[in-house]
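I opened the model and kept notes as I went. The entries follow the order in which I looked things up.

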Amino acid sequence: IIMTIAPRYAPAYEIELIFLLESILGSLWVWYIIKEKPTINTIIGGSMLLISVFLFIIIVAKRESRFSE
C-alpha cells in the first residue's frame, strides 16, 4: 500500500531510490529465508546501490538543515 501512495507525496527521484532498495532487500530475503547464496556481482551491485542511497540521504539532510537555519 505504501508503494502506491508514496509517489503522490514525494519527488520521483526519491521514489526511484526506494524501488532500488526493494530489489536489494528482496535479494536479502531470498538469501536469509531460502539460503540461496548471491553471486559476487550481486553483492557488489547491492553495496553500490546502498551506498548511493545513504549518500543521497546524507546530502539532502545536510542541505535541508542548512536552509532551515
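I started with Lys-35 and found it in the loop between α2 and α3. Helices here are DSSP runs of H or I with at least four residues, strands are runs of E with at least two, and both are numbered from the N terminus. I noted that the model is predicted: local features need pLDDT of at least 70, side-chain atom pairs count only at pLDDT 80 or more, and totals for chains, interfaces and linings use all residues. Residues are numbered from 1 along each chain as its sequence is written, and side-chain values use heavy atoms, with hydrogens and water left out.

I looked up the backbone of Lys-35 next. Its phi is positive, about 65 degrees, although Lys-35 is not a glycine. The residue comes just after α2.

Is Lys-35 buried or exposed? I read a relative accessible area of 58%, so Lys-35 is exposed. The classes, found with a 1.4 Å probe on protein chains only, are buried under 20% relative accessible area, exposed over 50% and partly exposed in between.

I checked what Lys-35 lies over. It sits over the face of Tyr-32, at 5.3 Å from the ring centre. A charge counts as over a ring if NZ of Lys or CZ of Arg is within 6 Å of the ring centre and within 35 degrees of the ring normal. From Lys-35 to Glu-22 I read 19 Å, C-alpha to C-alpha, for 13 residues of sequence.

I moved to Pro-38, which also has its place in the loop between α2 and α3. Pro-38 counts as partly exposed because its relative accessibility is 28%. Its C-alpha is 8.7 Å from that of Leu-28, 10 residues away along the chain.

I then took α2 itself. It has 23 residues and reaches 33 Å from its first C-alpha to its last, close to the 33 Å expected at 1.5 Å a residue. The expected span is 1.5 Å times one less than the number of residues. Ile-15, Leu-17 and Ile-24 are buried in this helix.

My last entry is on the largest pocket, which holds about 200 Å³ of space. A pocket is an open set of points on a 1 Å grid over the protein atoms alone, where a 1.4 Å probe fits, with protein on both sides within 12 Å along at least five of seven lines; lining residues have an atom within 4 Å of a point. The volume is the space filled by probe spheres set on the points, which are joined across faces, edges and corners.

Which residues lie nearest the centre of the largest pocket? Of the 13 lining residues, they are Ile-24, Leu-28, Thr-42, Ile-43 and Gly-46. I found that α3 gives the largest share of the lining, seven residues. I placed Ile-43 in helix α3, and at 39% relative accessibility it is partly exposed.
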